[in-house]
Amino acid sequence: MNTPHVVVVMGVAGTGKTTIGPLLAARLGVPYAEGDDFHPQANIAKMTAGTPLTDEDRWPWLDAIGRWAHDRAGLGGVVSSSALKRSYRDRLRAEAPGVVFVHLTGDRALIEDRMSHRQGHFMPTALLDSQFATLQPLEADEAGVSVDVSGDPGEITERAVAALQGLAAEPSQ
């Protein structure tokens with residue numbers, strides 16, 4: 001399956017964006033970009049210290065991801081970004097109107113367990129509550145799908161591919 005869309009793999013920390021994103025990109029035959037790589041060093045320092053980012057902290061990060069997505073328009077790509085708020089997704093769409101979101105969703109206990117076993121990641125488990133408090137799920141007018149993160153990465157990726165195929169098959173409105 002090949003897609004001209006740029007897919008943004010979104011969700012709270014610990015849902016598997018960095019694991020599923022590259023697998024989905026490989027499955028779709030498009031490049032992957034790690035959203036965390038677009039963060040300025042000041043953002044990483046704040047998160048490492050357990051301080052949630054403000055919207056003002058996020059705007060340059062979202063703009064950089066949006067520029068990458070814009071540059072991939074018509075070519076396809078997968079990029080990870082928490083994209084927790086509608087306003088963040090709107091910011092991404094302002095740069096790249098054709099993006100499609102894959103919202104990785106799951107039970108808080110499962111996500112916390114996965115986060116507690118991660119090594120070498122700057123996002124502490126302590127910020128998970130603020131992530132869930134900030135999360136605004138996709139709305140009906142947003143191009144995207146929700147995918148449950150239970151199971152292994154291969155199963156999650158296949159659910160994402162199937163959901164994207166279903167989205168592509170829906171008639172335009």
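Of the 173 residues in the protein chain, 44% count as buried, where buried means under 20% relative accessible area, with a 1.4 Å probe and protein chains only. This is a predicted model, in which local features need pLDDT of at least 70 and side-chain atom pairs count only at pLDDT 80 or more, while totals for chains, interfaces and linings use all residues. Residues are numbered from 1 along each chain as its sequence is written, and side-chain values use heavy atoms, with hydrogens and water left out.

The protein chain holds 7 helices and 5 strands, which follow one another from the N terminus as β-α-β-α-α-β-α-β-α-α-β-α; helices are DSSP runs (H or I) of at least four residues, and strands are runs (E) of at least two.

A nonpolar core is a set of buried Ala, Val, Leu, Ile, Met, Phe, Trp, Tyr and Cys residues joined through side-chain atoms within 4.5 Å. The largest such core has 19 residues, and V7, L24, V78, V102, L104, V147 and L164 are those with the most contacts inside it.

Leaving aside residues up to four places away in sequence, V147 touches V102, H103, L104, T105, I156, R159, A160 and A163, a contact being heavy atoms within 4.5 Å.

Technical notes
Buried < 20%, exposed > 50% of the residue type's maximum accessible area, 1.4 Å probe, protein only.
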